[in-house]
Amino acid sequence: MDEPARRLKATITQSVVALLTILAIVGTLFCSNAFAQTAHDEPTVQPEVTQEMAGVMKFGLLAAAAAFGLGAIGAGFAISHVGAAAMGAVAEKPQIAGQALIFVALAEGIVVFGFITALMILGKL
């Protein structure tokens, strides 16, 4: 194995180890209450959510997830096509790089609209 390939493999291994370490630390810090048990004498707080409200919340959460997810998928699809066309145009005429970047940013705005829509839906729940 040549030296650049060996360095790349070592870098990827270090990145994976660092990522797993960060995930383990974050998981330990933020999920420590997930397995906590309450004392038998301690009164538990009952949620004030009725069956009907839970049904409405369920569809609201699904709508928010769909708005954000479909917005992200649409933005990815748009950026793939617009970005490829823009880079082709920039390769032929480098002075239009700024204009091409604007078109890519416009395509990326789709995910922002999906995110805002999801936030508005979640705000109504």
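Modeller: Before we start, one term: a salt bridge here is a side-chain nitrogen of Lys or Arg within 4 Å of a carboxyl oxygen of Asp or Glu.

Colleague: Fine. What kind of model is this?

Modeller: This is a predicted model: local features need pLDDT of at least 70, side-chain atom pairs count only at pLDDT 80 or more, and totals for chains, interfaces and linings use all residues. Residues are numbered from 1 along each chain as its sequence is written, and side-chain values use heavy atoms, with hydrogens and water left out.

Colleague: Back to salt bridges, then. How many are there?

Modeller: Two salt bridges. R6 meets E3 at 4.0 Å, N to O. R7 meets E3 at 3.6 Å, N to O.

Colleague: Where do R6 and E3 sit?

Modeller: In helix α1, residues 3-30. Helices are DSSP runs of H or I, at least four residues; strands are runs of E, at least two; both are numbered from the N terminus. R6 and E3 are three residues apart, about one helical turn. R7 and E3 are four residues apart in α1, again about one helical turn.

Colleague: Is R7 buried or exposed?

Modeller: R7 is exposed, at 55% relative accessible area. R6 is partly exposed at 46%, and E3 is partly exposed at 43%. The cut-offs: buried is under 20% relative accessible area, exposed is over 50%, partly exposed is in between, with a 1.4 Å probe and protein chains only.

Colleague: Zoom out. What is the overall layout?

Modeller: The pattern along the sequence is α-α-α. That is three helices and zero strands.

Colleague: How much of the chain counts as buried?

Modeller: 12% of the 125 residues. The chain exposes about 10,300 Å², and carbon and sulfur atoms supply 71% of that. Those areas come from the Shrake-Rupley method with a 1.4 Å probe; for residues, only the protein chains shown count as cover.

Colleague: Which residues of α2 are buried?

Modeller: G60, A64, A67, G71, A75, A78, G83, A86 and V90. They pack against α3. Contact here means heavy atoms within 4.5 Å.

Colleague: What share of the contacts is between residues 24 or more positions apart?

Modeller: 73% of the contacts with a separation of 6 or more.

Colleague: What about aromatic pairs?

Modeller: One aromatic pair. F68 and F115 are edge-to-face, 5.8 Å centre to centre, with 65 degrees between the planes. F68 is in α2 (residues 51-92) and F115 in α3 (residues 97-124), so the pair ties together parts 47 residues apart in sequence. The rule: rings of Phe, Tyr and Trp (its six-membered ring) pair if their centres lie within 6.5 Å; planes under 30 degrees apart are stacked, over 60 edge-to-face, the rest tilted.

Colleague: New topic. Which residues does the UniProt "transmembrane region" annotation cover?

Modeller: The unreviewed UniProt entry gives residues 60-79 and 100-122. Such annotations may be inferred rather than shown by experiment. In the model, residues 60-79 are 100% helix, with end C-alpha atoms 28 Å apart. Residues 100-122 are 100% helix too, with end C-alpha atoms 34 Å apart.
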